Amino acid sequence: MADTVWWKRGTVYQAYPRSFQDSDADGVGDLRGITRRLDYLAWLGVDAVWISPFYPSPMADYGYDVADYCGVDPLFGTLADFDALVAEAHFRRLKVILDFVPNHTSIAHPWFAESRASRTSPKRDWYIWRDPAPDGGPPNNWISNFGGPAWTRDEASGQYYYHAFLREQPDLNWRNPEVRAAMHDALRFWLDRGVDGFRVDVIWHLIKDEGFRDNPENPNFAAGQAEINRFAQVYSADRPEVFDIIAELRAVLAPYPERVLIGEIYLPVERLVAYYGANLTGVDLPFNFQLIQAPWNARSLADLIESYEAALPPGGWPNWVLGNHDQPRIAARVGPAQAAIAAMLLLTLRGTPTLYYGDEIGVAHVSIPPERVRDPWERNEPGHGRDPERTPMQWDDSCHAGFSDAEPWLPLSPDAATRNVECQRDDATSLLTLYRRLLRLRRDHTALSVGAYRGLPGMPDTVLAYDRHDDAATLRIVLNFGAEQQTITLPEERGPRWSLLLSTHPDRPETTIAGGFVLGGDEGLILIRDHP
Ligand code: NOJ
Ligand code: MG
């Protein structure tokens with residue numbers, strides 16, 4: 001088990017490059033900034049850093065609109081800065097994962113300019129062009145993920161092009177073999193520079209229904225939901241042909257040892273697990289966002305863990321995510337006391353965890369005044385914007401929290417002077433210390449990183465308990481999702497003795513436990529069985 005591939009054993013840390021560390025006083029984070037903070041990531045104890053897009057881009061969607069797949073936007077630095085980042089990361093035994101955005105390019109990509117030039121352009125078919133509907137309107141009823149129609153009419157040719165996101169993000173036509181070849185070349189460009197894997201943006205969107213049929217109405221659509229939910233995305237995404245595309249991506253990675261392919265996929269669990277592919281020819285890790293979406297209570301979480309474990313195909317490796325740059329912060333969703341429980345859950349479940357920068361110090365929701373809104377989604381559909389979870393990392397109590405010498409592109413959280421890495425790193429009671437200890441425990445105990453999972457029945461309603469075990473050790477995790485203390489009776493009669501490895505309440509007195517104990521409100525703990 002100890003020789004298990006790194007992306008099963010390890011943990012991934014997402015750095016949103018605009019917001020992690022600025023090195024040139026322009027208020028926007030950059031690659032040199034990330035390099036400067038690699039010592040922090042090594043100290044924290046993560047294994048890989050996933051960097052959201054830094055490619056040349058007009059930044060209509062802050063880098064998810066790529067104008068050149070093989071470059072670095074000057075805002076973020078140069079290719080030489082990137083090479084230095086990879087070298088410095090590898091020197092510290094940290095892997096580097098890139099964000100690959102294959103579903104759409106920027107409207108400013110030269111391919112699109114060529115495609116748009118005329119109906120007979122050799123690259124016309126690289127994008128998705130359709131004639132208007134008989135009434136002159138869009139070709140079908142598909143909606144953009146950021147609201148409004150997903151089709152924009154091009155005056156010059158009279159045709160519409162499809163964009164699942166902004167009109168500045170035209171979708172590529174993955175049915176075209178030339179597109180596939182060009183995108184494979186882009187992957188190889190970065191693989192040859194030493195990257196350790198890719199997180200593939202909206203991978204379940206890559207292929208659309210060949211006939212572009214209308215999506216059916218969603219009977220559960222409710223007021224307040226984003227407009228995209230008016231229709232079920234039956235024909236615009238999650239099409240069967242997508243698995244051939246993914247198998248080809250995998251084949252591009254295959255000659256490079258130990259690279260990881262992660263898919264961003266928002267689908268119900270039974271569809272999600274299909275993305276492991278037939279005989280595991282799909283992505284290595286289809287991102288599992290269930291902890292982000294589930295009600296935060298012990299029973300719902302126990303059910304979803306069991307059903308996820310049961311749904312995994314043979315050999316399919318699980319993974320868990322608590323937050324990312326598109327979702328409200330975990331500390332905002334569950335509150336500060338439960339943020340510690342969330343950390344312990346994320347880092348003790350079976351499967352590769354992905355941490356989102358700032359969650360380790362408990363950054364919560366940051367209100368963005370209207371004049372500082374940046375996310376185009378917020379402008380299209382107020383209330384849905386993602387700026388509140390993209391604010392600058394809080395390093396210390398200096399000017400702009402050590403993030404930049406200039407005013408940051410998004411406001412800092414107002415608590416930055418007291419909630420930051422500097423003041424939490426030597427505080428035994430801080431969330432950062434808890435994260436660091438948890439990451440340390442994962443390295444010390446293979447039972448935690450790659451061991452089996454076994455749910456523990458008979459717990460009080462607010463408590464979730466499970467064992468992680470392998471040949472070397474059995475660890476028991478007991479988490480209280482409620483604020484009231486609970487009496488825990490361990491199920492084994494005349495049971496074994498357990499030693500306390502870690503509690504979210506650092507002042508817990510006992511160090512050994514047999515039979516039962518009192519679990520504090522909002523307390524989580526990890527025990528190790530004295531004889532495995
Ligand atoms: C998913 C990304 O995570 C999100 O930030 C982006 O806006 C869309 N894909 C479009 O690329
Ligand atoms: Mg900068």
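Predicted model: local features only at pLDDT ≥ 70, side-chain atom pairs only at ≥ 80, totals over all residues.

Q: Where does Asp467 sit in the fold?

A: Asp467 is part of strand S13, which covers residues 463-469.

Q: And which side chain does Asp467 make a polar contact with?

A: That would be Arg476: the two side chains are joined by a polar contact of 2.7 Å.

Q: What else is Asp467 in contact with, leaving aside its neighbours within four places in sequence?

A: The list is Ala452, Tyr453, Arg454, Leu456, Thr474, Leu475, Arg476 and Trp498.

Q: OK, zoom out a bit. What order do the strands of the open sheet come in?

A: It's S12-S13-S14-S19-S16-S17, six strands with antiparallel pairing. Strand S12 (452-455) and strand S17 (512-514) are the edges; each has a single partner strand, so one side of each has no neighbour in the sheet. On average, neighbouring strands there are turned by 30° against each other, direction ignored.

Q: How many bridges join S16 to S19?

A: Five, between S16 (residues 497-503) and S19 (residues 524-529), and these two run antiparallel. Trp498 is one residue to look at: its bridge partner in S19 is Arg529. Trp498 is also on the contact list of Asp467.

Q: Which helices lie across S16 and S19?

A: Helix H13 (residues 336-346) lies across S13, S14, S16 and S19, and runs at about 155° to S14. Helix H16 (residues 431-444) lies across S16 and S19, at about 135° to S16.

Q: Switching to charges. How many salt bridges does a search of the whole structure find?

A: The search finds 35. One of them pairs the side chains of Arg119 and Asp131, with 3.4 Å from N to O. Arg119 is in the loop between helix H6 (110-117) and strand S4 (129-130), while Asp131 is in the loop between S4 and strand S5 (151-153), so the pair ties together parts that are twelve residues apart in sequence.

Q: Are those two buried or partly exposed?

A: Arg119 is partly exposed at 47% relative accessibility, and Asp131 is partly exposed too, with a relative accessible area of 43%.

Q: What about Arg386 and Asp375?

A: Their side chains form a salt bridge too, at 2.7 Å from N to O. Arg386 is in the loop between helix H14 (376-380) and helix H15 (421-424), and Asp375 is in the loop between strand S11 (352-356) and H14, so the pair ties together parts that are eleven residues apart in sequence. Arg386 counts as buried at 6% relative accessibility, and Asp375 counts as buried at 0%.

Q: Which residues share partners with that pair?

A: Salt bridges with shared partners join Asp61, Asp326, Asp375, Arg386 and Arg390 into one network.

Q: New topic, the metal. What coordinates the magnesium ion (ligand 2)?

A: Asp22 (OD), Asp24 (OD), Asp26 (OD), Val28 (O) and Asp30 (OD), at 2.1 to 2.3 Å. Along the chain, the donors follow the spacing D-x1-D-x1-D-x1-V-x1-D.

Q: How accessible are Asp22 and Asp24?

A: Asp22 counts as buried at 3% relative accessibility, whereas Asp24 counts as partly exposed at 43%.

Q: Last one: how does strand S2 pair with S3?

A: Strand S2 (residues 48-51) and S3 pair in the parallel sense over four bridges. Trp50 has Ile97 as its bridge partner in S3.

Q: And how many residues of S3 are buried?

A: Five of the six residues of S3 (residues 95-100) are buried, so the strand is largely enclosed by the rest of the structure.

Methods
Residues numbered from 1 in each chain as written. Chains lettered and ligands numbered in written order. Heavy atoms only, no water. Polar contact = N/O pair within 3.5 Å; in protein donor to acceptor, adjacent residues only side chain to side chain. Contact = heavy atoms within 4.5 Å. Salt bridge = Lys/Arg side-chain N within 4 Å of Asp/Glu carboxyl O. Buried < 20%, exposed > 50% of the residue type's maximum accessible area, 1.4 Å probe, protein only. Pairing = 2+ DSSP bridges. Axes fitted to C-alpha atoms, helices over the stretch in contact; angles between N-to-C directions. Donors = N, O, S within 2.8 Å, 3.2 Å for Na, K, Ca; no water.
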